[in-house]
Amino acid sequence: MSGSLARPTAPADPPEPDERLLHRSTLRSLLGRPELGAVVGAVAVFVFFSVVADSFLQLSSLSTVLYASSTIGIMAVPVALLMIGGEFDLSTGVAVTTSALVSSMFSYQMTANVWVGVGVSLLTSLAIGFFNGIVLVRTGLPSFIITLATFLMLTGMNLGFTKLISGKVSTKTIGDMEGFESARKIFASQHTIGDVNIKVTILWWLGLVAVATWILLRTRAGNWIFAAGGNAHAARAVGVPVARTKIALYMGTGFGAWVLGQHLLFSFDSVQSGEGVGNELLYIIAAVIGGCLMTGGYGSAIGAAVGALIFGMTNKGIVYAQWDADWFKFFLGAMLLLATLLNAWVRKRAEASK
């Protein structure tokens with residue numbers, strides 16, 4: 001009928017609120033943090049060694065703990081970013097030694113100023129990271145295989161070139177060369193506050209944590225890292241430059257290796273070519289203890305720093321407690337297992353509370 005009233009339409013369902021605008025309780029926010037398990041573990045380790053080791057709480061002891069943590073944390077932070085991006089790097093331990101060897105031998109053989117060697121070493125470290133990244137994206141091989149190959153090649157090159165150039169397995173001392181003292185101030189100095197000596201590596205460590213956290217949480221590159229590690233194919237489909245992101249992450253580990261390598265060189269003014277083997281596992285362990293998933297797409301730089309702190313407290317706490325240091329690897333393995341279980345439990349609670 002032309003004069004009949006139109007049938008009233010059902011009211012439209014109200015749009016669902018954007019989950020980013022929903023209020024989240026403090027507890028729920030804490031449960032969602034990847035580093036929560038590591039923080040709980042760090043508090044437990046700190047309390048434990050405070051009880052069993054009388055000298056653990058002395059300021060000089062705590063500064064030693066922080067120094068030991070920083071030498072792991074400087075590399076653990078870029079390794080954590082790489083793992084969040086879904087990849088591994090098994091060459092980081094020997095890459096640190098490569099950085100120190102290149103700086104030392106180039107300075108001694110080719111120039112009278114160590115800063116030239118430092119610059120060449122930076123370019124070399126970044127080139128190693130670029131090599132790992134470009135081979136990964138061009139071949140599609142697993143990062144485990146690629147970086148294992150790089151590990152083996154660098155191990156052989158470190159020993160071979162050192163013996164070829166210096167005639168022995170260690171480099172010649174460069175302590176009397178021009179620029180050594182100024183480079184030492186940057187990479188291996190210490191600052192005295194009262195009766196406590198603070199190593200400059202602690203400042204490098206904290207600076208890297210701050211920069212990495214800003215990148216992850218406040219920049220587009222941080223979104224790319226999480227997306228590339230979570231689902232690379234889906235990330236490419238929405239325009240994320242996955243290849244460039246992963247190459248940049250490998251170059252980030254190269255930068256960390258350069259910083260730590262220069263610290264190694266300017267702390268002792270010579271380098272043993274066989275150092276660094278096995279340290280790559282410590283960097284990965286620190287990142288995993290800090291909440292990084294082995295499958296990528298989840299983790300934080302702060303968590304990796306806390307994981308390194310747990311390593312430092314355990315390493316030195318065993319000494320202060322006067323225990324047999326041979327048990328250190330056992331405690332480290334136990335912490336890795338417990339931290340992984342705790343992180344898994346925290347993630348399940350966080351998902352259940354959403």
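Predicted model: local features only at pLDDT ≥ 70, side-chain atom pairs only at ≥ 80, totals over all residues.

Visitor: What makes H3 and H8 roughly parallel to each other?

Guide: The axes of H3 and H8 cross at roughly 25 degrees and come within 8 Å. The cut-off is 35 degrees, and the crossing angle of roughly 25 degrees is under it, so H3 and H8 are roughly parallel. The crossing of H3 past H8 is left-handed.

Visitor: Which residues make that contact, and of which classes are they?

Guide: On H3 the contact includes Leu 66, Tyr 67, Ile 74 and Val 77, and on H8 it includes Trp 204, Trp 205, Leu 208 and Val 209. By class, the contact of H3 with H8 has 13 nonpolar residues, five polar ones and no charged ones.

Visitor: Why is H2 called roughly parallel to H13?

Guide: The axes of H2 (residues 36–52) and H13 (residues 301–320) cross at roughly 20 degrees, and they come within 9 Å. As roughly parallel requires an angle under 35 degrees, the value of roughly 20 degrees makes H2 roughly parallel to H13. H2 and H13 also cross in a left-handed manner.

Visitor: What do H2 and H13 bring to their contact?

Guide: Among the residues of H2 are Val 45, Phe 46 and Phe 49, and among those of H13 are Val 306, Ile 310 and Met 313. The contact of H2 with H13 counts 10 nonpolar, four polar and no charged residues.

Visitor: How do you know that the buried residues of H9 line one face of the helix?

Guide: A residue is buried when its relative accessible area is under 20%, and in H9 (residues 220–230) this holds for Gly 222, Ile 225, Ala 228 and Gly 229. Seen down the axis of H9, these buried residues fall within an arc of 130 degrees, so they line one face. Arg 220, Asn 223 and Gly 230 are exposed on the other side of H9.

Visitor: What do the buried residues of H9 pack against?

Guide: They pack against four helices: H3 (59–84), H8 (200–218), H10 (232–237) and H11 (242–268).

Visitor: How many helices and strands has the chain, and what share of its residues is buried?

Guide: The chain has 14 helices and two strands. Of its 354 residues, 45% count as buried.

Methods
Residues numbered from 1 in each chain as written. Heavy atoms only, no water. Buried < 20%, exposed > 50% of the residue type's maximum accessible area, 1.4 Å probe, protein only. Arc of directions from axis to C-beta. Contact = heavy atoms within 4.5 Å. Axes fitted to C-alpha atoms, helices over the stretch in contact; angles between N-to-C directions. Parallel < 35°, antiparallel > 145°, perpendicular 65-115°, else oblique. Left-handed = near helix turned anticlockwise from the far one by under 90°. Nonpolar A, V, L, I, M, F, W, Y, C, P; charged D, E, K, R; others polar.
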